[in-house]
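Welcome! Take a moment to look over the sequence and the 3D view, then try each exercise before reading its solution.

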Amino acid sequence: MATLLYHLGRVAFRWRWFVTVLWVAVLGAVGFAATKAPAAPDDGFTMPGIESQRAFDLLEQRFPGTAADGASARIVFVAPNGEKVTATENRAAIEKLVTEAADGSQVASTVDPFAAKAVSADATTAYSTVTFKVKADDLTDTAKTHLERAIDTAQKAGLTVEVGGDALATQPAAGGSAEAIGIAIAALVLLITFGSLAAAGLPLLTAILGVGISMSAILALGSAFGLSETTGTLATMLGLACGIDYALFVVSRYREERAKGHAPREAAGLAAGTAGSAVVFAGLTVVIALAGLSVVGIPMLTKMGLAAAGAVLLSVLISLTLVPALLGFWPNKVLSRGVRKGTRRGRKSDENNGGSRWARLVVRRPIPVLLLGVVGLGAMALPALNLQLGMPGDEAKSTSTTERRAYDDLAKGFGPGFNGPLTIVVDAKGATDAKSAVATVSKEIAATDGVVSVSPARFNSAGDTAVFSATPSTSPTDEKTKQLVQTIRDERPGIESKASGADFEVTGTTALNIDVAQKVQDALIPYLALVVGLAIVLLLLVFRSLLVPLKAALGFLLSVLAALGAVVAVFQQGHGASLLGVDQTGPIMSLMPIFLVGIVFGLAMDYEVFLVSRMREAYVHGDGPGQAIVSGFRHSARVVVAAALIMMAVFSGFIGAGASMIKMIGFGLAIAVLFDAFVVRMAIVPAVLSLLGNKAWYLPSWLNRVLPRMDVEGEALSRKVPAPVTDPPTVHLTPVP
């Protein structure tokens with residue numbers, strides 16, 4: 001492996017014009033294909049195998065048009081203090097709004113709250129639903145303005161008017177200026193790490209080119225493979241993250257080899273053969289984690305995972321070819337200013353730096369460091385025991401939004417369960433008397449504890465299927481609502497036996513969120529077993545050790561559980577929530593644990609491979625176990641810290657977003673990188689390796705013979721490439737062939 005990549009790096013450096021033009025041509029070709037490709041389809045959220053999805057599918061089949069996804073606006077009216085919405089003036093203002101709203105060119109229907117009995121028992125609150133013919137993204141500014149003017153007229157009449165639904169909902173930015181600051185911090189970290197604008201800019205340039213190619217490819221293949229723009233969200237995030245990381249490690253190793261006295265082309269080959277080998281295996285661990293998302297059983301998540309895996313593979317290829325090629329254009333520019341000007345010599349490999357000093361401290365005191373790290377992360381993980389999954393809705397938005405105020409007004413006027421009714425779909429095809437069977441089901445469900453009311457059943461044109469709503473007494477995210485859904489389903493055999501031939505299923509947004517959360521929770525353990533198991537096998541090949549891969553996997557589990565515990569503590573339990581601008585606590589987004597495991601696992605294994613591979617390299621070349629740890633930290637700690645800080649800066653940018661879910665993702669990823677890079681990889685890993693000594697690198701002789709030799713540490717290169725004859729000289733800016 002190392003020898004092959006060594007030659008690849010030398011070739012890319014020598015034929016730098018050809019390699020660079022080739023990658024630019026690829027970007028141009030894929031970009032052109034993206035502009036000519038048909039529009040990507042809508043990324044509909046489906047969840048095969050759950051009851052809610054089966055019920056939705058039945059509704060589409062038996063009630064054509066029922067599942068139409070046109071935009072809607074639920075307009076909530078609240079009368080002034082001491083008044084009722086049924087008062088003459090208030091009623092007239094509401095009816096005027098409904099009439100004006102119905103005149104919109106894209107409006108499909110409106111509902112008069114007085115005709116539909118959509119008035120609260122105390123007559124202080126009412127609501128009207130405006131349904132549109134098109135989706136929210138397709139609404140024209142004219143249609144929105146027309147509705148807003150009608151609302152404004154009602155407000156001037158003295159009514160409090162708030163609007164829920166997606167028709168007029170504002171989409172919060174995904175980070176805004178905070179995200180830009182995060183990227184700026186990442187650039188600053190690169191500049192401080194390398195002391196060169198060229199060295200800092202090169203990883204950013206190659207990462208951006210990789211993201212451009214991968215996103216263009218997703219758009220070009222969108223129609224053929226059912227990919228949408230949202231499919232590329234994860235690909236963009238990880239393509240940028242891994243692209244910067246991988247180029248960072250190659251450039252850093254190039255500078256190190258130049259400091260040893262190697263010529264530019266030779267240094268590029270050695271960087272590709274050593275750091276490049278680590279990049280290959282680190283990239284494969286990320287691909288395993290992302291491709292493993294397919295086991296969850298959510299088509300959208302599977303597409304996102306595979307698209308992101310493709311983006312990571314592209315980042316690996318760019319790091320092995322384009323990065324050495326660009327080094328050929330600026331062989332000396334990527335070196336620090338002091339080296340370029342000849343005011344100081346290159347760094348020697350035996351230089352005592354912060355990484356080596358920290359490693360010596362850990363090697364001298366491994367037990368206290370290990371106990372402190374494990375106990376600290378264990379304490380952070382404790383809140384994860386109370387994890388409650390769900391899909392936060394309008395109740396999680398800021399009180400400054402009209403959607404949140406509409407939610408609160410409806411809950412106050414009609415009860416907390418009104419915002420999350422359960423939809424009951426009754427299939428009466430096999431019933432002798434369909435109407436009687438549906439009435440029996442409705443009566444039994446209405447008598448269930450926790451159900452406040454049921455709506456009249458509505459039949460399809462064939463008269464063999466009916467649908468009605470059951471309003472819970474608790475809010476959509478309340479644990480009691482989840483228990484109610486389970487109770488209704490548990491009582492189904494008895495209810496269906498009374499309905500003589502009819503059967504029913506529970507669906508609706510609330511039930512769907514509950515089912516999704518349960519399915520994701522059930523898939524989490526198999527997903528963990530798959531990615532961790534495959535990664536252990538891969539790391540076994542890389543490090544040729546039984547204990548190092550096992551230690552790497554256990555360390556990851558500890559860091560990801562601690563990160564999940566921190567997310568629960570802030571976003572579910574509310575500790576420090578105000579500091580992050582979180583207005584309302586609630587359940588953790590259902591997909592958050594899967595995202596956290598998949599993304600952080602890939603990044604964690606990156607740091608593991610880059611850090612421990614240098615320890616393995618030192619051990620293979622003759623260092624003792626303790627000295628190998630110090631050598632590995634001397635060469636890698638600074639770069640690993642820089643890579644972790646870059647990732648934290650990028651992810652932290654999402655904390656500045658307006659949406660609670662985006663804040664949650666940004667915080668979770670940033671805190672997970674903090675725990676894994678600085679606690680697990682920089683403290684627990686060297687402490688464990690110090691305690692294990694030579695046993696850390698033990699591999700049974702029979703297994704050593706069976707396993708293919710990957711040579712990530714570049715042992716073959718040390719025999720193939722002669723060492724510089726003299727000490728590292730001052731760099732002279734001479735032309736490069």
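Buried means under 20% relative accessible area, exposed means over 50%, and partly exposed lies in between (1.4 Å probe, protein chains only). This is a predicted model, where local features need pLDDT of at least 70, side-chain atom pairs count only at pLDDT 80 or more, and totals for chains, interfaces and linings use all residues. Residues are numbered from 1 along each chain as its sequence is written, and side-chain values use heavy atoms, with hydrogens and water left out.

**Exercise 1. Decide whether alanine 566 is buried or exposed, and find what it touches.**

Step 1: The relative accessible area of alanine 566 is 5%, so this residue is buried.
Step 2: Helices (H or I, at least four residues) and strands (E, at least two) are DSSP runs, numbered from the N terminus.
Step 3: List its contacts, meaning heavy atoms within 4.5 Å. Not counting residues up to four places away in sequence, alanine 566 touches Met380, Phe667, Ile671 and Phe675.
Step 4: Compare sequence with space: leucine 377 is 189 residues away from alanine 566 in sequence, yet their C-alpha atoms are 9.9 Å apart.

**Exercise 2. Find where alanine 123 and arginine 544 lie, and describe their phi angles.**

Step 1: Recall that most residues other than glycine have a negative phi.
Step 2: Alanine 123, although not a glycine, has a positive phi of about 60°. Its place is the loop between β2 (107-110) and β3 (125-132), and its relative accessibility of 11% makes it buried.
Step 3: Arginine 544 also has a positive phi, of about 50°. This arginine sits in the loop between α18 (509-543) and α19 (547-572), and at 4% relative accessibility arginine 544 is buried.

**Exercise 3. Work out which strands pair with β1.**

Step 1: Use the rule that two strands pair if DSSP finds at least two bridges between them.
Step 2: Seven bridges link β1 and β3 in the antiparallel sense, with valine 78 opposite threonine 125 in β3.
Step 3: β1 is also joined to β4 (residues 160-165) by six bridges, again antiparallel; here valine 76 has glutamate 162 as its bridge partner.
Step 4: Check the cover: in β1 (residues 72-78), five of the seven residues are buried.

**Exercise 4. Classify the ring pair of phenylalanine 414 and phenylalanine 418.**

Step 1: Rings of Phe, Tyr and Trp (its six-membered ring) pair if their centres lie within 6.5 Å; planes under 30 degrees apart count as stacked, over 60 as edge-to-face and the rest as tilted. The count by this rule is 10 aromatic pairs.
Step 2: For phenylalanine 414 and phenylalanine 418, the centres are 4.7 Å apart and the planes at 20°, so the pair is stacked.
Step 3: Phenylalanine 414 is partly exposed at 23%, whereas phenylalanine 418 is buried at 16% relative accessibility.
Step 4: Elsewhere, Trp17, Phe329 and Trp330 make up one aromatic cluster.

**Exercise 5. Name residues with the most contacts inside the largest nonpolar core.**

Step 1: A nonpolar core is a set of buried Ala, Val, Leu, Ile, Met, Phe, Trp, Tyr and Cys residues joined through side-chain atoms within 4.5 Å.
Step 2: The largest one has 159 residues, and those with the most contacts inside it include Leu234, Tyr246 and Phe556.
Step 3: Another core lies apart from it, with 27 residues, among them Phe77 and Ile94.
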